[in-house]
Amino acid sequence: MGTSKSITRELRSWFRLPKSRREFLDRLTFVFLAVIAVIITLPFFAIVFEVVANGWILLNPAFILTNMVGFAEGGIRNAIVGSIELVAIASMVAIPLCVGAAIYTTEYAQRGRRRARRWVQELNKWVIRIVEFTADVLAGVPSIIFGAFGLIFFVAVFGRSLIAGALTLALMMIPTILRTTQESLRAVPLSLREASLALGATTWSTSWRVVLRAALAGIITGILLAIGRVIGETAPLLFTTGFNFDAPWGFLDAIASLPFTIYLYALQGHTEIIRLRAYSTAIVLIGIVFVVDVIAVWASKKVGLVVRAGGV
Amino acid sequence: MSQRNWRKILFGASTRDLVGRTLLLVFAIITSFVIVLIFSQVWARAFPAIIILGPELLGPVWDPTVTEQYGILVFIAGTLWVTGLSLLIAIPIGIAGSLFLAEYCPHRLKEPLRLILILMAGIPSIVYGLWALYTLVPFLRDLISPLYIPVWDSLTNSFVWISMEWYSGYGVLPAAIVLAIMLLPTIVAVSYDSMVMVPDTLREASYALGASRTETSIKVVLMTALPGVGAAVLLSLGRAVGETMAVLLVTGNNTTFPRWIFDQSYVLTSVIANQLGLAVGGYPLMESALFVVALVLLLLSMFFSITAKMVVSWGMRKQGLR
Amino acid sequence: MVEAKIQVNDLNAWYGDFHVLKSLNFEILPNTVTAIMGPSGCGKTTFIRILNRLCDMVPEFHHTGEILIDGQDVFGADIDVYELRKGIGFVFQKPNPFPMSIYDNVAYGPKTHGMKDINEIVQRSLEQSALWDEVGHRLDEPALKLSGGQQQRLCLARALAVNPGIILMDEPVAFLDPISAQKIEELIMTLKRDYTIVLVTHNVQQALRVSDSAAFLYLGELIEYGRTSLIAETPKDPRTEAFLTGRFG
Ligand SMILES: Nc1ncnc2c1ncn2[C@@H]1O[C@H](COP(=O)(O)OP(=O)(O)OP(=O)(O)O)[C@@H](O)[C@H]1O
Ligand SMILES: [Mg+2]
């Protein structure tokens, strides 16, 4: 694919003199672009190195398994559990919503279009268009706007709480899950549905039983990508969760989270202990995100979905 | 009517189909409704300030406590500086990087590189912010403080050498750098995708005419992929304007107009992050003014998302692909 | 005795372990049309892609033997591939104009090689490929807006624009309607005066109409090579005969 070569062929071509000025220019371009590629990835290693080199000092089982005591002491269990609670609840809200919407737009509105009545067809066409358009727009909305919205909409009802934060995060998960699910549902071969329909299934049960199972790996990829994205989000939680040195399960309790904790550390100033604790917390957060992302990429390979840096 | 029949009507396949379908339609409507809800809520909260303050909102001074002036221009200027500089860094590098990945990178290295980009995009912005705060800012301070930098002096109409001893490390520069780092994976990935879509037959046609690898990748691949690259730029522009946490910690959050990259600044997202929590307590006008800022952000992000789509379809039409 | 334009000496080619071309030996004279025939998958495309080194694009490709063009080995250590390709036009099976304007398509090659008088070259090439009358007045329209047959002639014009000595065509009419196909065939006959043409084709009738000599490949081996009319009348090998009578298709 492309004009890329195998490593050996690329190397071999470098061991002879260029035969023309243009071939020489080719090599210059190669070196130039390769240097740029290194420059692009360098910050990744720099940041991961920086975080790990500073953060591993404090990292031990106690740090993960005990709650914070003030900001400078104890572990970060409350933040870890809080993050998990937030994302778990957000997922439970967002997943059925998005998968349902995706099923409607791909299975009923699109595939089932031919048999339906005229105005239903028109309506469905618009539903697809609107759902996809709004999902794309939503994907571009800055995270701080979700925070502000959560503050006036969810906090107004629930106060700064687990549920307010989780619902705010759920909104942010919509575009990723919706679009990935749509994509993987569309990738399910038509023959599978037809086989099921031939056996007397209505569209409803076809969707559930056959298609969903075939698209499952793709849907899981989307869910994991969405989780990987929102678990690191701070801005939507700034005004919605409050903070807590414990990790209660009450929906209406204030709750801590990993990214918010890091933010608070960053605000605390520059004492050495705070700096180290911030980095240790960052290790845990990055670790979770990387594991989730790697699993998502791996799952996407299974179903031939292409995961791209930067989401949908 | 036997009981059996009733059961069939109530729980039979076609009823289940109808109920299921309606439920799914409701889900679909809810997901679309979210953006409408967000927009209307933000609009409703911003409305009082727009009515009460009117053009004052575009004033240069933001001082909610003493003089109660709510000019958001300083934040717009800050955002322009930070995103402008970051894109200046990120766009050329990102396009070059995607060209490398698509056209030059040996096969075996492609997947690892792509994985690094995915992980890079996965690093939470607060961690980027932390790194910028603890590493980049001191680094820039120590790097630049000893320097003397030529600056155009409008009084004498000549360059004067300005000592950078006072440079704190905070401001437009570190924010733009960390933002550029965060944008690069997206720019590279999106442009790479559109370069990979360029059919090999076009590359072959170019080679068959005796074009070199460089000429082929720039004149054919890059040019054909240009709409996608344009979309990548617009998408990253939207991200840059909306990025909060990484920028928040390093711009210095100073409500003065930045004049150059070593000045401190205050961007649109930061003022919401810093002040909204307070304002919602009992400063209704300030809260409303902050929602004007939110409205500006929301409109900008929608504008970029939509133009990104339009650029792609415009480019394809121009090339005759559609 | 005319000097051979292309001389193939004991050429073997592989994709990885797969032996595609097996000890080919033959020569092609200048200003002739040579048809390469054979059943699908016998290595026709591979062969002509070796002539201009497009085979370099396939990572697992390797070869032995030599191909001399004007006495120079195309795989020679001192060959400049870009110059080599400049001297060899290539028309692909499927029309593949660049997604640019008609003008830019034709001007691409000349501009790349820093040639002068681009406007004249563009006009000359379009005239040579019998396209000038149809598109001369709308050169800045996107090339992809043209019909399939026009696109293919544009690709021919694009190839002619760099003044190649040889033109390679890989089933250039496979995707075209009969009338467009006929136009291309007519072009081939006129171009023969100035160029050496190697034409891959499935179509025996077409080979008979336009080619002077023909090569018949079967599973990578050269079964038969000679004057087209001779091969058509008295094939020496039963497999050639089977192909000519349409048993391989
Ligand atoms: N890039 C490649 N990698 C591996 N094998 C290849 C590659 N390209 C072609 N082949 C194999 O080499 C053989 C010859 O292919 P080639 O394209 O030269 O056939 P052809 O004679 O042009 O066939 P057709 O008439 O169908 O175009 C085929 O069996 C094909 O599968
Ligand atoms: Mg072929």
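A salt bridge is taken here as a side-chain nitrogen of Lys or Arg within 4 Å of a carboxyl oxygen of Asp or Glu. By that criterion, 0 salt bridges are counted between chain C and chain A. The model is a predicted one, and the values below were computed from it.

The chain contains 12 helices and 2 strands. Read from the N terminus, its elements follow the order α-α-α-β-β-α-α-α-α-α-α-α-α-α. Along the principal axes, the C-alpha atoms of chain A fill a box of roughly 75 × 70 × 30 Å.

Over all chains, the count of salt bridges comes to 25. One of the pairs that form a salt bridge is A:E122 with A:K125, whose closest N and O atoms are 3.3 Å apart. The two residues belong to helix 5 (residues 118-140) of chain A, and because they are 3 residues apart in that helix, about one helical turn separates them.

The contact between chain B and chain A was examined next. Chain B contributes 98 residues to this contact and chain A contributes 93 residues. About 8300 Å² is buried between the two chains, and carbon and sulfur atoms account for 75% of that area. The interface of chain B and chain A holds 3 salt bridges. A salt bridge joins the side chains of B:E111 and A:K301, at 3.5 Å from N to O. On the side of chain B that touches chain A, helix 2 (residues 13-53) of chain B gives the most, with 19 residues. By class, that side of chain B comprises 61 nonpolar, 20 polar and 17 charged residues.

A:H270 is a residue of chain A that touches chain B. A:H270 is located in the loop between helix 11 (258-268) and helix 12 (272-303) of chain A. Leaving aside residues up to four places away in sequence, A:H270 touches B:L133, B:Y134 and B:Y170. Within chain A, the C-alpha atom of A:H270 is separated by 18 Å from that of A:I47, a residue 223 places away along the chain.

The contact between chain C and chain A takes 13 residues from chain C and 7 residues from chain A. The buried area here is about 810 Å², with 42% given by carbon and sulfur atoms. The side of chain C that touches chain A is made up of 7 nonpolar, 2 polar and 4 charged residues. Although the salt-bridge count between chain C and chain A is 0, 2 residue pairs are in polar contact between these chains, both residues at pLDDT 80 or more.

Empty space in the model was then considered. Rolling a probe the size of a water molecule over the atoms shows where empty space is left. The number of cavities of 30 Å³ or more is 5, and the largest cavity holds about 70 Å³ of space. This largest cavity is lined by residues of chain A, namely A:A37, A:I40 and A:T41, and by residues of chain B, namely B:G97, B:F100, B:L101, B:L113, B:L117 and B:V188. At least two lining residues come from each of helix 2 of chain A and helix 3 (73-104) and helix 4 (107-122) of chain B. The lining of the largest cavity has 7 nonpolar and 2 polar residues, and no charged residues.

The second largest pocket has about 980 Å³ of space. It is lined by 34 residues, of which A:K5, A:R9, A:R16, C:R53 and C:D56 are the closest to its centre. Two or more lining residues are given by each of helix 1 (7-14) and helix 2 (21-55) of chain A, and by each of strand 4 (61-69) and helix 2 (81-86) of chain C. Helix 1 of chain A provides the largest share of this lining, 5 residues. By class, the lining of the second largest pocket divides into 15 charged, 11 nonpolar and 8 polar residues.

Terms used
Residues numbered from 1 in each chain as written. Chains lettered and ligands numbered in written order. Heavy atoms only, no water. 1 Å grid on protein atoms, 1.4 Å probe; cavity = no way out; pocket = protein on both sides within 12 Å on 5 of 7 lines; lining within 4 Å. Points joined across faces, edges and corners; volume = space filled by probe spheres on them. Helix = DSSP H or I, 4+ residues; strand = E, 2+ residues; numbered from the N terminus. Nonpolar A, V, L, I, M, F, W, Y, C, P; charged D, E, K, R; others polar. Contact = heavy atoms within 4.5 Å. Buried area = accessible area lost by both parts, 1.4 Å probe. Polar contact = N/O pair within 3.5 Å; in protein donor to acceptor, adjacent residues only side chain to side chain.
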